[in-house]
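Let's walk through this model together, one region at a time.

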Amino acid sequence: TVYVKGCDVNSNDTSGFEAAITAAKNADLVLLFLGIDTSIEAEMHDRTALTLPGVQDKLASEIAALGKKYAIVLLNGGPLAIDDLAQSSPAIVEAFYPGYQGGVAIASVIFGDFNPGGKMPYTTYPADYVNQIKMSEMSMVASPGRTYKYYIGTPLFPFGYGLSYTSFSIVAFNESLPSSLSNLDHDEVIYSVNVTNTGKTRGSEVIQAYFKPSDDPYIIKQLFGFQRVAVNPGQSETVTFPVSAKTLAIGDIEGNIVSFTGPHQIIITNGVDLTITSILEVTGRDTILE
């Protein structure tokens with residue numbers, strides 16, 4: 001194992017490139033550690049860009065051009081817009097700020113001793129997002145919107161996204177899902193899905209449940225539940241999500257929490273490539289719950 005610094009976090013100095021490129025040429029696998037630290041972003045110290053600072057992106061591009069096997073490890077707090085690298089990199093490990101045991105955790109993932117299953121806790125916007133909306137704009141719905149609930153653009157990495165070294169499938173339990181719910185008599189329905197490990201190694205998946213309200217023109221979807229389930233190869237586990245009128249309630253313009261009648265789209269997904277959708281009709285009358 002050979003370590004070469006390459007460049008500082010935030011510097012235009014490329015004098016370390018030659019040594020880094022030479023080491024990469026002689027390596028079987030290159031690990032590119034990229035990111036930010038508290039000199040770039042901290043309390044009372046905001047960034048003006050989502051991109052990698054300094055010449056990190058340039059170094060990564062030159063390493064990638066060598067044609068060697070490589071993976072990127074991101075070390076960061078806030079999101080990083082690595083637009084071009086996200087499209088070309090064979091693998092990306094989002095480590096955030098992993099703490100003093102971070103090296104052990106990252107190595108266990110890189111060498112296959114641990115099967116990752118984390119999900120993105122926020123939406124990662126493309127680099128140009130900072131030019132599309134003023135940072136002083138506090139409206140969540142001002143175009144193109146903020147967070148997974150309101151952002152109408154294409155995120156670099158969506159909220160809830162994350163891969164594993166195995167694969168899964170999800171199907172509705174008993175191949176049927178609830179279709180109606182009354183908000184007048186404390187009804188509750190259950191959404192159940194079977195999660196099957198279709199790969200060759202044990203792994204865990206996070207199944208996420210969202211709804212799209214019938215009477216809100218802005219909300220794209222809203223999370224109401226999630227469960228992590230560990231599954232052996234070829235085996236299945238059942239995940240359930242109870243849904244009541246309160247589950248699907250949203251705030252109105254006056255700040256009340258309201259159960260609205262009408263069709264609600266229910267979305268159950270792994271956040272990547274598996275999605276089950278259905279329509280749940282809420283009957284009764286529009287009711288203020290809180």
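**A guided tour**

Histidine 186 is exposed, with a relative accessible area of 79%; exposed means over 50%, buried under 20%, and partly exposed in between, for a 1.4 Å probe and protein chains only. Histidine 186 sits in the loop between strand 5 (180–182) and strand 6 (188–197), and its phi is positive, near 60°, although the residue is something other than glycine. Helices (H or I, at least four residues) and strands (E, at least two) are DSSP runs, numbered from the N terminus.

Before going further, a word on what you are looking at: this is a predicted model, in which local features need pLDDT of at least 70 and side-chain atom pairs count only at pLDDT 80 or more, while totals for chains, interfaces and linings use all residues. Residues are numbered from 1 along each chain as its sequence is written, and side-chain values use heavy atoms, with hydrogens and water left out.

Methionine 44 also has a positive phi, of about 65°, and is not a glycine. Look for methionine 44 in the loop between strand 1 and helix 2, where it is exposed, with a relative accessible area of 81%. Another backbone feature to find is the cis peptide bond between serine 143 and proline 144, with omega at about 10°. Proline 144 belongs to the loop between helix 5 (129–132) and helix 6 (147–150).

Strand 2 (residues 70–75) pairs with strand 3 in the parallel sense over three bridges, and valine 73 has valine 93 as its bridge partner in strand 3.

Axes here are lines fitted to C-alpha atoms, for helices over the stretch in contact, and angles run from 0 to 180 degrees between N-to-C directions. Which residues of helix 2 are buried? They are Gln56, Leu59, Ala60 and Ile63. Seen down the axis of helix 2, these buried residues fall within an arc of 100°, so they line one face of the helix; the arc is that of the directions from the helix axis to the C-beta atoms. An α-helix has 3.6 residues a turn, so residues three or four places apart point the same way. The cover over the buried residues of helix 2 includes helix 1 (17–25), strand 1 and helix 3 (83–88).

The largest nonpolar core has 33 residues, and those with the most contacts inside it are Val30, Leu32, Leu34, Ile63, Ile72, Ile82 and Leu85. Such a core is a set of buried Ala, Val, Leu, Ile, Met, Phe, Trp, Tyr and Cys residues joined through side-chain atoms within 4.5 Å. Helix 1, strand 1, helix 2, strand 2 and helix 3 each give two or more residues to this core, and helix 1 gives the most, with four. Leaving aside its neighbours within four places in sequence, leucine 85 is in contact (heavy atoms within 4.5 Å) with Leu34, Leu52, Asp57, Ala60, Ile72 and Ile92. A second, separate core of 28 residues includes Tyr150, Val243, Phe260 and Val282.

Our last stop is another open sheet, with five strands in the order 5-13-12-7-8 and mixed pairing. Strand 5 and strand 8 (222–231) stand at its edges with a single partner strand each, so one side of each is left without a neighbour in the sheet. The twist in this sheet averages 25° from one strand to the next. Strand 12 and strand 13 (residues 275–283) pair in the antiparallel sense over eight bridges.

Is threonine 269 buried or exposed? Threonine 269, in strand 12 (residues 262–269), is buried, with a relative accessible area of 5%. Its bridge partner in strand 13 is threonine 275, and the side chains of threonine 269 and threonine 275 make a polar contact (3.3 Å). A polar contact is a pair of N or O atoms within 3.5 Å; within protein, one must be able to donate a hydrogen and the other to accept it, and residues adjacent in sequence count only if both atoms are side-chain atoms. A polar atom of the threonine 269 side chain also lies 2.7 Å from the backbone oxygen of leucine 274.

Notes. Pairing = 2+ DSSP bridges.
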